[in-house]
Amino acid sequence: MSNNMVYIALQNNEEARPIVEAIEQDNPDAQINHFPAMVKIDAPGRLAVNRETVEELIGRDWDPQEIHLSVISISGNVDETEDAFILERKR
Amino acid sequence: MPVNAIREDYRFPAKDVEANFHGNRVVYVGWDHHMMFCAPVAFPLPPDMPFSALVGEVLPNAYGMHPDFPQIDWDKVEWKLNGKPFTPDMDASLDANGVKHKSALRMRTPGLEGIGGSGS
Amino acid sequence: MAAKKMNLREKYTRMTRDLAWDFSYQRDEDVYKQMTMEGIKIEDWDKWEDPFRLTMDAYWKYQGEKERKLYAIIDAFAQNNGHLNVTDARYVNALKLFLTGVSPLEYMAHRGFAMVGRQFPGVGAQVACQMQAVDELRHVQTQVHTISQYNKYFNGFQEFRHQHDRVWYLSVPKSFFDDAVSAGPFEFLTAISFSFEYVLTNLLFMPFMSGAAYNGDMATVTFGFSAQSDEARHMTLGLEVIKFILEQHPDNLPIVQKWIDKWFWRGYRLLTLVAMMMDYMLPKRVMSWREAWEMYFEQNGGALFEDLARYGIRKPKYWEQSVVEKDVISHAAWGTFYNYAHAAPFHTWTPNDEEMEWLSAKYPDTFDKYFRPRYEHWAEQEKKGERFYNPSLPMLCTTCQIPMVFPELDDLALTCYRSSEYEGDTYHFCSDGCKDIFDNEPEKYVQSWLPVHQIYQGNCGGATVEDVVKWYHMEDGVDNREYLHSPDRRNWDKWTKKATEEEVPPKTAVG
């Protein structure tokens with residue numbers, strides 16, 4: 001069985017909450033797991049955090065690099081642009 | 001030379017050669033299936049120490065507090081020296097028994113397999 | 001007229017690559033002297049991809065914000081006597097293990113990245129290494145600052161730096177990092193950035209910090225996650241460097257595979273300390289070592305190595321052994337520190353009934369069969385006033401420097417012995433993995449500073465345990481030994497009103 005899972009782990013805090021919500025909205029296959037002080041989100045193949053979705057949720061401009069303030073860990077190949085933070089496994 | 005080093009002369013003396021132990025040699029002893037003692041133990045011993053002194057003086061201090069220890073029948077202990085079956089000559093010295101620097105001695109005590117037979 | 005705003009990629013290019021220059025009066029090979037020693041062939045440094053397009057100005061901005069948040073919490077923690085909010089004083093011993101064993105490695109990582117950053121001709125790699133060197137310095141500083149609050153109230157923290165170079169179990173993390181730092185620059189990055197940070201570090205920080213959160217230790221959660229927020233960048237560097245090396249030249253594959261085999265095994269052995277922390281040192285446990293290994297190595301690591309298969313990389317040698325050993329190593333390690341609690345600057349104890357139930361449930365195949373009888377025996381001895389301390393010094397593995405506590409895979413109650421001969425001397429190992437590492441580079445390990453041998457050579461303050469403990473700067477009966485008999489426990493009971501009026505030695509009594 002092929003295993004192409006990616007994940008992101010975020011702190012469980014006010015700044016990360018809209019990021020988690022945005023991931024939930026934009027990545028229907030993502031699975032959200034809660035741990036003490038931490039949220040770990042697993043997804044098959046690809047996981048995207050989109051700037052527009054987060055901005056919609058928080059009502060202000062949001063730079064995807066702000067994710068550096070709340071990320072704990074990741075797995076997958078990173079692609080960071082001004083519009084999105086993406087984790088993927090290319091096949 | 002297998003090490004990739006910046007310098008051609010990457011070469012260091014071995015730190016644990018026998019000459020560094022002030023006349024002693026390091027001898028390791030392990031008691032199979034008695035892992036309450038978390039690892040085999042290391043002793044600095046004179047090479048001319050009789051094997052009987054290892055058994056009669058050194059080991060009781062190391063292992064004497066184990067409930068299996070007083071029950072050991074020393075005639076039935078199965079020894080290994082550096083991985084090979086071995087019958088010690090109790091009266092001969094460690095050296096004469098072939099116990100060299102950094103030799104590993106293992107003893108198995110059939111019928112005594114640790115606390116409650118758990119290997120502990 | 002306002003200039004057009006640059007996109008992230010353009011900004012990154014301007015602020016990194018465009019700042020580099022070519023040498024006109026020095027040859028490249030004279031400036032970057034370590035580039036060829038390892039046999040790695042790099043054809044084009046411009047192919048280096050930086051997935052995080054973080055420029056130095058953005059780096060300072062975000063790091064500054066992280067620091068402000070962290071120190072606000074550390075202040076609040078100190079002002080509110082946060083140390084009294086942890087689940088139990090036994091927990092604090094996990095922090096002693098962290099400060100003595102991990103924080104000095106952060107400092108070594110700082111040095112290591114500063115050194116290798118200097119060696120790479122590619123500016124993308126230089127900038128990534130420079131940022132990481134600064135990160136690692138921040139980590140050791142914030143860890144020391146955070147833990148200093150505990151140092152005011154608990155014993156065992158005060159000499160962590162002195163002890164790192166001397167104490168037997170600290171030679172394990174110390175020699176691990178010294179091995180990496182004394183390798184070439186590509187091996188260093190494969191060792192630390194890839195094998196440790198990318199493949200294994202989740203197992204260090206995530207359980208530690210989740211454990212801290214679960215046990216009421218807000219300060220540690222905060223420094224941990226603040227450090228960990230840098231980790232995503234470090235891990236990405238690790239993956240990037242592997243992909244870059246492999247894409248540059250087919251001759252690089254066997255070299256990199258050998259390094260991955262070596263550093264997986266070295267890192268995995270080092271994590272034995274974390275396994276023990278998770279299963280034994282957290283009064284409230286998050287998950288077992290076994291579960292963590294399954295989640296972070298077997299599943300996540302599995303996906304990573306499937307991903308790397310397209311470069312010809314396979315899973316690290318002996319990874320299957322780590323899967324068998326997941327049922328054993330935490331127990332073996334805790335037993336080791338129970339054996340030698342008189343020589344370590346933190347306390348150990350036997351698990352209570354409820355904890356043994358948890359261990360039985362998490363380790364159904366091994367705990368009751370091999371380990372419970374040992375703890376029950378030790379607890380009985382302790383009640384009789386004969387708490388077990390191992391009176392002899394242990395045989396160590398020459399490579400990982402851990403006492404030889406690991407079992408044969410087909411008999412988990414039997415010690416695994418391996419050995420090699422080299423230039424007339426015998427060297428012993430805990431496993432095939434550690435033996436292979438020695439056999440590949442014996443010159444590197446014949447000079448190992450093995451604490452037990454050093455004691456016997458007379459280099460550690462004297463011949464008795466008392467002499468050595470003194471040389472370690474540990475106060476016997478205060479910093480070390482059984483938790484039940486410790487001043488830490490007596491103080492804790494007093495502060496939390498579990499005990500009414502018990503005598504507390506004045507030197508260690510606080511408030």
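**Where chain B meets chain C**

In this predicted model, the count between chain B and chain C is two salt bridges.

Q: Why is the meeting of Arg11(B) and Glu443(C) called a salt bridge?
A: The side chains of Arg11(B) and Glu443(C) come to 3.7 Å, N to O. The cut-off for a nitrogen of Arg and a carboxyl oxygen of Glu is 4 Å, so this pair qualifies as a salt bridge.

Q: What makes strand 2 of chain B and strand 1 of chain C a pair?
A: Pairing needs at least two bridges, and two bridges join these strands, so they count as paired. They run antiparallel. In one of the bridges, Val41(B) has Pro394(C) of strand 1 as its partner.

Q: How many residues are in contact between chain B and chain C?
A: On the chain B side there are 44, and they are in contact with 52 residues of chain C. In chain B, Lys15(B), Met35(B) and Cys38(B) lose the most area to chain C, together 16% of what that side buries.

Q: Why is a lost area quoted for an interface?
A: Because the size of an interface is often given as the accessible area lost when the parts come together. For chain B and chain C this is about 4200 Å², with 58% of it on carbon and sulfur atoms.

Key. Residues are numbered from 1 along each chain as its sequence is written. Chains are lettered from A and ligands numbered from 1 in the order in which they are written. This is a predicted model: local features need pLDDT of at least 70, side-chain atom pairs count only at pLDDT 80 or more; totals for chains, interfaces and linings use all residues. Side-chain values use heavy atoms; hydrogens and water are left out. Contact means heavy atoms within 4.5 Å. Buried area is the accessible area (1.4 Å probe) that two parts lose on being put together, summed over both. Helices (H or I, at least four residues) and strands (E, at least two) are DSSP runs, numbered from the N terminus.
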